[in-house]
Amino acid sequence: MRLGVLDVGSNTVHLLVVDAHRGAHPTPMHSEKTVLRLGERITGDDKLSDAGAAELSRTVAAAKKSAERLGCEDLMAFATSAVREAGNAGKVLRKVAEETGVELQVLSGTDEARLTFLAVRRWFGWSAGKLLVLDIGGGSLEVAMGIDEEPALAASLPLGAGRITRTRLRHDPPTRSELVATTAWLEDQLGDLAKEVTRLGEPDRVVATSKTFRSLARLTGAAPSSAGPRVRRVLTDTALRQLIAFVSRMPSSDIAELEGVSASRAHQLVAGALVAQATMRALSLELLEICPWALREGVILRRLDHVSDTNGTDQTPLLTGQGRCG
């Protein structure tokens, strides 16, 4: 079956179309992104601006048309931290549904962590043992850990790269005092999480996923995307420290010119690197493996897991095909 996943994040709205069936490896067929930066369109009273809501509706409508044109049987649409935390989220969601016919489901941070963990578990398999999974998004940091497909720990902290850039790094490039203060602040914010992870024991494999970690790994020497998804890619604490010393002195316009960095995310790369470094330090991690699968793949896998073999009816209570195509 052909499925579409529409991910409304803090930075982009991303449509991923895959061909898949239960028990098979989902095959990507089409991908399109629109940069909206919804996280930066939150007003002083913590609401998504009218202009941001209107542009979101237009983008969702365009994505739905693309999914229909590409023959998707179902469109699973979800939103993460930017919409989740907006004070007018309910109004925005109703507007989108009325104008596009697509009902965006707002994922909790815990659900983001759980679904990302599922994707990583399926990618590496049972031989990976106890997994510790890290994911830095625009608005939040997700951490999950466990030995099964359902993690024993699934946590979300408001430490996304975009959020840290907006709230703590006022200058471009950031000042030395901003870097020092933010590093110390992140260390404090991660204290309780470190205790929870320690309580669960030593992980057998530590994995990072999504765009921020992929960019950091590429900038420290990992293979480019053109080498394919199965090439082993890693990010080490030593390489990350050296990278921060380099990019923290650069304006975002120069960072955008580096290979592996998208122009739309260049302004928040330093913040993402600081979050990555602080998390690795808090959890005493020296090396992370990069996984090409993340939240969107987790959503697809969960959907396929709950498709009936007889009538194709989705039984899962999470992301139940609310934007039916065709």
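This report walks through selected strands, helices and residues of one predicted model.

## The five-stranded sheet

Start with an open sheet. It has 5 strands, in the order S3-S2-S1-S4-S5, and its pairing is mixed. Strand S3, residues 27-35, stands at one edge, and strand S5, residues 105-106, stands at the other. Each of these has a single partner strand, so one side of each is left without a neighbour in the sheet.

Strand S4 covers residues 74-79 and pairs with S5 in the parallel sense. The pairing runs over 2 bridges. Ala79 has Val106 in S5 as its bridge partner.

Helix H1 spans residues 50-69 and touches strands S1, S2, S3 and S4. The direction of H1 makes about 15 degrees with that of S2.

## Strand S1 and its two partners

Is S1 mostly covered or mostly uncovered? S1 is mostly covered, with 6 of its 7 residues buried. The strand takes in residues 2-8.

S1 pairs with S2, residues 12-19, and the two run antiparallel. They are joined by 7 bridges. S1 and S2 form a hairpin, and 3 residues lie between them.

S1 also pairs with S4. Here the strands run parallel and 6 bridges join them. Asp7 stands opposite Phe78 in S4. Both kinds of pairing therefore occur in this sheet, as the word "mixed" says.

Which residues does Leu15 contact, leaving aside neighbours within four places in sequence? They are Gly4, Val5, Leu6, His30, Ser31, Glu32, Ala63, Ser66, Ala67 and Leu75. For a view along the chain, take Arg303. Leu15 and Arg303 are 288 residues apart in the chain, and their C-alpha atoms are separated by 16 Å.

Thr12 also has its place in strand S2. Thr12 is buried, and its relative accessible area is 10%. Not counting residues up to four places away in sequence, Thr12 touches Asp7, Thr34, Val35, Leu36 and Arg265. Thr12 and Arg281 are 269 residues apart along the chain, and 29 Å separates their C-alpha atoms.

Move on to strand S9, residues 205-209. S9 is mostly covered, as 4 of its 5 residues are buried.

Strand S6, residues 131-136, pairs with S9 in the parallel sense. There are 5 bridges in this pairing. Leu132 has Val206 in S9 as its bridge partner. S9 also runs parallel to strand S11, residues 287-291, with 3 bridges joining the two. Val207 stands opposite Glu289 in S11.

## Thr212 in helix H8

Helix H8 spans residues 211-219, and Thr212 lies in it. Is Thr212 buried or exposed? With a relative accessible area of 8%, Thr212 is buried. Thr212 touches Ile136, Ala161 and Gly272, not counting residues up to four places away in sequence.

## Helices H9 and H11

Two packed helices are described by the angle between their axes and the distance between the axes. Take helix H9, residues 237-247, and helix H11, residues 269-282. Their axes come within 10 Å and cross at roughly 150 degrees. Angles over 145 degrees count as roughly antiparallel, so that is how H9 lies to H11. The crossing of H9 past H11 is left-handed.

Which residues of H9 meet H11? Asp237, Leu240, Arg241, Ile244 and Val247 do. On the H11 side, they meet Leu269, Val270, Ala273, Leu274, Ala276, Gln277 and Met280. The residues of this contact divide into 9 nonpolar, 1 polar and 2 charged.

Conventions
Residues are numbered from 1 along each chain as its sequence is written. This is a predicted model: local features need pLDDT of at least 70, side-chain atom pairs count only at pLDDT 80 or more; totals for chains, interfaces and linings use all residues. Side-chain values use heavy atoms; hydrogens and water are left out. Contact means heavy atoms within 4.5 Å. Axes are lines fitted to C-alpha atoms, for helices over the stretch in contact, and angles run from 0 to 180 degrees between N-to-C directions. Angles under 35 degrees count as roughly parallel, over 145 as roughly antiparallel, 65 to 115 as roughly perpendicular and the rest as oblique. A crossing is left-handed if the near helix is turned anticlockwise from the far one by less than a right angle, and right-handed if clockwise. Ala, Val, Leu, Ile, Met, Phe, Trp, Tyr, Cys and Pro count as nonpolar, Asp, Glu, Lys and Arg as charged, and the others, Gly among them, as polar. Buried means under 20% relative accessible area, exposed over 50%, partly exposed in between (1.4 Å probe, protein chains only).
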